[in-house]
Structure formats: structure tokens, C-alpha cells
Amino acid sequence: MPDGLWPVLVLIAFVIVYVIVRIREYMRVSEEQWEKVDKTKLREWDDDEDD
């Protein structure tokens, strides 16, 4: 492989890891927010169907 390709591959790997970490963080925050929701005030809509 060309010598100049390694820094590019390292940068791409870093970006992929960073994106995965951010997604996991947002998922955790979302789960915490969902746990805090007063679920007694949620409404069921007529068009909500579980297939």
C-alpha cells in the first residue's frame, strides 16, 4: 500500500469510532428521557397499528 494511505485510513477509522460513540451517547440520553416521561399522559392514535 502507498505510504500516504495509512494516515487516511487512520482518519477514517477515527471518524467511524467517533460517530459510533456519539450515536451510543444519544441513545443513552434518549433512553433516560423516555424513562422520565409521564406515560399516563400518552395518547393512543387511531392510525397506530402494531403489525
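E25 and R22 sit three residues apart in helix α1 (residues 5–36), so about one helical turn separates them. Their side chains meet in a salt bridge at 3.5 Å, N to O; the term means a side-chain nitrogen of Lys or Arg within 4 Å of a carboxyl oxygen of Asp or Glu. E25 is partly exposed at 31% relative accessible area, and R22 is partly exposed too, at 28%. Here buried means under 20% relative accessible area, exposed over 50%, and partly exposed in between (1.4 Å probe, protein chains only).

This is a predicted model, in which local features need pLDDT of at least 70, side-chain atom pairs count only at pLDDT 80 or more, and totals for chains, interfaces and linings use all residues. Residues are numbered from 1 along each chain as its sequence is written, and side-chain values use heavy atoms, leaving out hydrogens and water.

The structure holds two salt bridges. E32 and R28 also form one, at 3.0 Å, N to O; they are four residues apart in helix α1, again about one helical turn. E32 is partly exposed at 39%, as is R28 at 45%.

Now for the whole chain: it has one helix and zero strands, both taken as DSSP runs numbered from the N terminus (helices H or I, at least four residues; strands E, at least two). Its radius of gyration is 21 Å, well over the 10 Å that the globule rule gives for 51 residues, so the chain is more spread out than a compact globule. That radius is taken over C-alpha atoms, and the rule is 2.2 Å times the number of residues to the power 0.38. Buried residues make up 0% of the 51.
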